[in-house]
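Visitor: I would like to go through this model term by term. Please set each value against its cut-off.

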Amino acid sequence: MNIEETSPHQHEAVFCQSCGMPMPEAELLGSEQDGTKNEDYCIYCYEAGEFKQPDITLQGMTDLCTGFMVEEGMDEAAAHKLLAESLPSLKRWKTAAAVE
Ligand SMILES: [Zn+2]
């Protein structure tokens, strides 16, 4: 029987907990004020200890990311559906949804 969970340097695919972007490389990770990496958020969402768009809503983020994905060549309706299903379960939005 293999015990693979214990290999120390194996990285699971990490996704930004704000926009859902995959962050396969450390340089895509957001940063804290002291320069350390934040493994929850990407560099586009979180830099130097704060969100780059602190007032953005879940709806706003969904629209913003839809735009990026369409630029990447994805169908708009498909992109919007994917984001509308995945973003609410991310850490940044889970609590916001619970408060409403
Ligand atoms: Zn992000």
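Guide: Start with two helices: α1 passes α2 in a right-handed crossing. The model is a predicted one, in which local features need pLDDT of at least 70, side-chain atom pairs count only at pLDDT 80 or more, and totals for chains, interfaces and linings use all residues. Residues are numbered from 1 along each chain as its sequence is written.

Visitor: Why is α1 called oblique to α2?

Guide: The packing angle is about 135°, and the axes lie 9 Å apart. Axes are lines fitted to C-alpha atoms, for helices over the stretch in contact, with angles from 0 to 180 degrees between N-to-C directions. Under 35 degrees is roughly parallel, over 145 roughly antiparallel, 65 to 115 roughly perpendicular, and the rest oblique. So α1 is oblique to α2.

Visitor: Which residues of α1 and α2 make the contact?

Guide: From α1 come Thr62, Cys65, Thr66, Met69 and Val70; from α2, Glu76, Ala79, His80, Leu83 and Ala84. Contact means C-beta atoms, placed from the backbone, within 7 Å.

Visitor: What counts as a helix or a strand here?

Guide: DSSP runs, numbered from the N terminus: H or I of at least four residues for helices, E of at least two for strands. The chain has three helices and four strands. Their order is β-β-β-β-α-α-α.

Visitor: Why is Ala48 called exposed?

Guide: Ala48 has 12 other C-beta atoms within 10 Å. Exposed means 12 or fewer, buried 20 or more, and partly exposed in between, with C-beta atoms placed from the backbone. Therefore Ala48 is exposed. Its place is the loop between β3 (46-47) and β4 (50-51). Ala48 also has a positive phi of about 55°, although it is not a glycine. Most residues other than glycine have a negative phi.

Visitor: How do you know that Pro24 counts as exposed?

Guide: Pro24 has 10 C-beta neighbours inside 10 Å, so it counts as exposed. Pro24 sits in the segment before β1 (29-31).

Visitor: What makes a nonpolar core?

Guide: Buried Ala, Val, Leu, Ile, Met, Phe, Trp, Tyr and Cys residues, joined through C-beta atoms within 7 Å. The largest one here has 12 residues, among them Cys16, Met23, Tyr46, Cys65 and Leu83. Two or more residues each come from β2 (37-42), α1 (58-71) and α2 (76-86).

How values were computed:
Left-handed = near helix turned anticlockwise from the far one by under 90°. Contact = placed C-beta atoms within 7 Å.
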